[in-house]
Amino acid sequence: MTAAERPTLVLVCQRASLPWIFEGAVRAGVDVVLVPRPDEEVPADRLPPGVVELLPLDPEGDPAGALGALRERHASRPFQGIATLYDPLVPFVAEAAELLGLPGIGRDTALGAQDKRVMRERLAAAGLHVPRFVRVDGPDAEPWLAAAGELDFPVVVKPAHGYSSLGVTRADTPAELRGTVAGVRRLCADKLGVEDAALVVEEYLDGPEIAVESLAAGGRVRVLSVGYKGEPEGPYFEESVYRAPAPLPDAVRDAIVREVTAAHAALGITDGPAHTELRLRGGTRPYLLEMGARIGGSGVSHYVASHVSGIDLAAEAVRIAVGRPPSFAMTEGLAAPVGAAANYIVPCGGYGRITALHGLDEVRADPRVDHVVQMLFPGDEVRPYPDFTGYPAFVISRHDSTADAEDFHAHLERTVRIDYAPGA
Ligand code: ADP
Ligand code: CA
């Protein structure tokens, strides 16, 4: 490929240590201009694969300034696409693409895929399964309270612009609700710097949790994997496992694929990747929790989807982001599984100052394990929920079958463990 044919993608706020999207860009033959995360130092002599340039911007702190800088960069040296895997910035990226005439889902679609109030309203208007819900807007705290009291309890309170389960909290009775809402708002103020954060109060959905990875092009939706995410009951919703493909009756899996495909249409996600989370109410009826117009898990979703479907989600998403067609024929429906993949999120299992993490070295040497992404180390302080510190580590592995992945996770539960300093 000559330089002129080689497209450039601006990738916004991707953690440099997570390789999947960078490697996907290399496979797609696309150069990456990385906008580093403000909290991460990326040394210029150790750039991730495919990265040809660093463009330091602060799209969260100063979106107007960042848009201006992108416009200048594009005017002097045009790039062909802009993307992010970081959910809070999906609307920013959609806006930048719209302003610069680049491929994208558009601002309005991005809003519906990011703001949980808008998402709920659009899914409900399209006749999809959604829990009954009430919006909690602005500082004027009380008008929602009566409406929320009419919901079936328990309910779940969550930030409209949340991510990583931050602040998501179950309330069991109407009497508890006011306190729960105040608590979630306090957390949003402390952790996100947002006062009087907009929230959603919605009915609690029981049943297994399901994650779906998909890719759309020209309005056609290919479902790459349907995976199992445990059955968290709250009151806080720490992530635990991800194993795909999920063992499900055909009829239930078909219903999930139909619901996710319809949700793409309802939200207008016609091109690019999506990561969808649902719960199977009563074990069978899919209800959407949320849908993100991005590759999930900062790229972990690529790992899962590619091992389960054989389709290179990261490379395909990069192609679509620079306006190229996917490299395979886009047929609708679920891709036949060709393998199994899993992510085990090491539980904190306590709180205080970490003195040791046991078992991770053995895990790193296990041939089934491709990545151990460690985020917490001895000396780090873990605060008790709901004051979320972050996950200690991900163990990312591939298997011949989901049953093998289950056995492996049972083994990890027995062998990976964190010690804390006494007296915390
Ligand atoms: P976030 O964007 O912070 O990940 P989600 O809506 O995905 O927010 O909620 C995080 C987790 O909380 C979900 O994965 C699920 O386990 C739980 N959860 C959220 N809403 C509900 C609900 N209505 N019923 C049951 N569990 C829920
Ligand atoms: Ca989520």
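**View 1. The loop around P235.** P235 sits in the loop between β10 (220-228) and β11 (241-244). Helices (H or I, at least four residues) and strands (E, at least two) are DSSP runs, numbered from the N terminus. The peptide bond from G234 to P235 is cis, with omega near 10 degrees. This is a predicted model, in which local features need pLDDT of at least 70, side-chain atom pairs count only at pLDDT 80 or more, and totals for chains, interfaces and linings use all residues. Residues are numbered from 1 along each chain as its sequence is written, and side-chain values use heavy atoms, with hydrogens and water left out.

View 2. From F153 to P154 the peptide bond is cis, with omega near 0 degrees. P154 belongs to the loop between α6 (143-149) and β6 (155-159).

**View 3. S165, a serine with positive phi.** Phi of S165 is near 65 degrees, and S165 is not a glycine. The loop between β6 and β7 (169-171) holds S165. S165 is partly exposed, at 26% relative accessibility. Buried means under 20% relative accessible area, exposed over 50%, and partly exposed in between (1.4 Å probe, protein chains only).

**View 4. S298, with positive phi.** S298 has phi near 55 degrees, a positive value in a residue other than glycine. S298 lies between β13 (285-292) and α9 (300-309), in a loop. S298 is partly exposed, with a relative accessible area of 31%.

**View 5. Helix α12 and D404.** Helix α12 covers residues 402-415 and includes D404. D404 is partly exposed, with a relative accessible area of 32%.

Definitions and conventions:
Chains lettered and ligands numbered in written order.
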